[in-house]
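Hi,

Here is the structure I promised to pass on to you. Have a look at it first, and my notes follow below.

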Amino acid sequence: MIKISKKILNTLEEAARQASKTAYAPYSNFPVGAALLTENGEIYVGCNVENASYGLTNCAERSAIFTAVADGRGRGDFSALFIYTPGQVCHAPCGACRQVLTEFFTPEVFIYSACDSGEIIAWTMEELLPDSFEIPTGD
Ligand code: THU
């Protein structure tokens, strides 16, 4: 189990809430923010970026992962993800994001979700996507 202190969790939550403010979500009006914690204590944020084609929309979670990877982080470098979704119901990452997250997260990494209700829900990667598809890499 990866232990994340209450202080770091608060920092991650605030970063996810702030990131949602930069979302480009004119079609859904559903701005999502994500804050990704690395094992070194760095935080990468992401927001959803929508597109008129709808299908080309990038979720906040994938934006955060892709930003971290572009900055040199990789598989196993992450210790938590915090997302913020607007409204009174805290949401879990979509299926596409779960598949992308599982590429980079070990099964015990926690994904936290906050919303406007004050509640925080947490799942492990394993709980969100058991028996995930992987191509053997030989490592
Ligand atoms: N969205 C995310 O950013 N993350 C999720 O896990 C679920 C959905 C975004 C995509 C779209 O811009 C909006 O929320 C409504 O689906």
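By class, which residues make up the shell around the ligand? There are six nonpolar, three polar and two charged residues in that shell. (Ala, Val, Leu, Ile, Met, Phe, Trp, Tyr, Cys and Pro count as nonpolar, Asp, Glu, Lys and Arg as charged, and the others, Gly among them, as polar.)

Before going on, keep in mind that this is a predicted model, where local features need pLDDT of at least 70 and side-chain atom pairs count only at pLDDT 80 or more, while totals for chains, interfaces and linings use all residues. Residues are numbered from 1 along each chain as its sequence is written, and side-chain values use heavy atoms, with hydrogens and water left out.

Now the ligand. Among the residues around it are Ser28, Phe30, Val32, Asn48 and Glu50, where "around" means having a heavy atom within 4 Å of the ligand. Some polar contacts turn up too (pairs of N or O atoms within 3.5 Å). The side chain of Asn48 has an N or O atom 2.9 Å from a ligand oxygen. A polar backbone atom of Ala60 is 2.9 Å from an oxygen of the ligand, and for a polar backbone atom of Cys94 the distance to a ligand oxygen is 3.0 Å. The protein covers 78% of the 370 Å² of accessible area that the ligand has on its own (Shrake-Rupley method, 1.4 Å probe).

And the disulfide? One is found in a search of the whole structure, counting a pair of cysteine sulfur atoms within 2.5 Å. In general, a disulfide is a covalent bond between the sulfur atoms of two cysteines. Here the partners are Cys90 and Cys115, with their sulfur atoms 2.3 Å apart. The torsion about their S-S bond is about -65 degrees, so this disulfide is left-handed.

Key:
Polar contact = N/O pair within 3.5 Å; in protein donor to acceptor, adjacent residues only side chain to side chain.
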